Each structure stands twice: as C-alpha cells, then as structure tokens.
Amino acid sequence: MTSLNFHFTDEEFLSVINMIIKLDAPLGEEYIPLKSMDERIDMGRLDSLSIIVFFVWLCHMFGIPESKLQDFIKKGNLTIQSIKDFVMVEFTQTCSIAEVEEYAKRCM
C-alpha cells in the first residue's frame with residue numbers, strides 16, 4: 001500500500017469497484033460492469049454476503065476502521081459516488097490499481 005494521498009479518478013475508482021464485484025460474481029453468470037458513479041451497490045446487484053465481502057475489501061485496501069464503515073452503511077446511500085466520497089474522507093492508506101489487481105489475484 002502506498003502514501004496517504006487519495007489519487008483515484010472517478011473512472012479508476014469505478015474500475016476498482018468493478019474488479020472487486022466481478023471477483024465475487026457467481027460462476028457462470030455474466031458480470032455486467034457498473035458504468036456510472038450514480039449506480040448503487042445494493043441487493044439488486046449483490047447478495048448480502050457479497051455486500052459484506054465488498055466492504056471488507058474496501059476497508060482492507062483503504063485502511064478504514066470497521067466501525068466507520070458500519071456507520072456509513074447504516075445511512076443507506078450506496079452509490080459509487082457516495083462510496084468514493086466516504087473513502088476519500090476515511091482512508092488511512094491507499095493503493096494503486098496494480099496493487100488492487102495483485103491483491104485480487106492473491107485473494108481469489
């Protein structure tokens with residue numbers, strides 16, 4: 001993980017989100033990537049376990065305490081933009097796209 005400077009553009013952040021969600025997609029199902037920062041992460045796209053896994057990944061990659069994450073989730077605004085805004089405020093570490101890809105390879 002790298003310095004404390006959050007440097008992801010919207011497109012890069014959306015790419016990270018899609019990478020995480022695609023890894024948890026059921027085998028044999030075609031993954032349809034998110035295309036907009038206004039799209040939501042919710043039960044229509046992920047089941048409850050997948051949502052938990054998704055947020056655990058975010059917490060690990062960006063060093064966000066679980067208690068802050070739980071408060072964020074309770075608010076219910078789970079658009080990609082709101083998730084990015086949350087990460088930008090709460091991160092204690094960051095990473096590169098290459099590090100996310102490497103982490104994903106090792107974890108799946």
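What share of the contacts in the protein with a separation of 6 or more comes from residues 24 or more positions apart? The share is 72%, where contact means heavy atoms within 4.5 Å. This is a predicted model, in which local features need pLDDT of at least 70 and side-chain atom pairs count only at pLDDT 80 or more, while totals for chains, interfaces and linings use all residues. Residues are numbered from 1 along each chain as its sequence is written, and side-chain values use heavy atoms, with hydrogens and water left out.

**View 1. Overall fold of the protein.** The protein has five helices and zero strands, in the order α-α-α-α-α from the N terminus. Its radius of gyration is 13 Å, close to the 13 Å that the globule rule gives for 108 residues, so the protein is as compact as a globular protein of that length. The radius is taken over C-alpha atoms, and the rule is 2.2 Å times the number of residues to the power 0.38. Helices (H or I, at least four residues) and strands (E, at least two) are DSSP runs, numbered from the N terminus. Along the principal axes, the C-alpha atoms fill a box of roughly 40 × 30 × 25 Å. Of the 108 residues, 39% are buried (buried: under 20% relative accessible area; exposed: over 50%; partly exposed: in between; 1.4 Å probe, protein chains only).

**View 2. Crossing of helices H1 and H2.** The axes of H1 (residues 10–23) and H2 (residues 48–62) come within 10 Å and cross at roughly 130 degrees. That makes H1 oblique to H2 (under 35 degrees is roughly parallel, over 145 roughly antiparallel, 65 to 115 roughly perpendicular, the rest oblique). Axes are lines fitted to C-alpha atoms, for helices over the stretch in contact, and angles run from 0 to 180 degrees between N-to-C directions. From H1, Phe13, Val16, Ile17, Ile20, Ile21 and Leu23 meet Phe54, Trp57, Leu58, Met61 and Phe62 of H2. The contact residues divide into 11 nonpolar, no polar and no charged (nonpolar: Ala, Val, Leu, Ile, Met, Phe, Trp, Tyr, Cys and Pro; charged: Asp, Glu, Lys and Arg; polar: the others, Gly among them).

View 3. Ser82 lies in H4 (residues 80–90). Ser82 counts as buried because its relative accessibility is 11%. Not counting residues up to four places away in sequence, Ser82 touches Phe72 and Asn77.

View 4. Ile73 is placed in H3 (residues 66–75). With 32% relative accessibility, Ile73 counts as partly exposed. Apart from neighbours within four places in sequence, Ile73 is in contact with Phe55 and Leu78.
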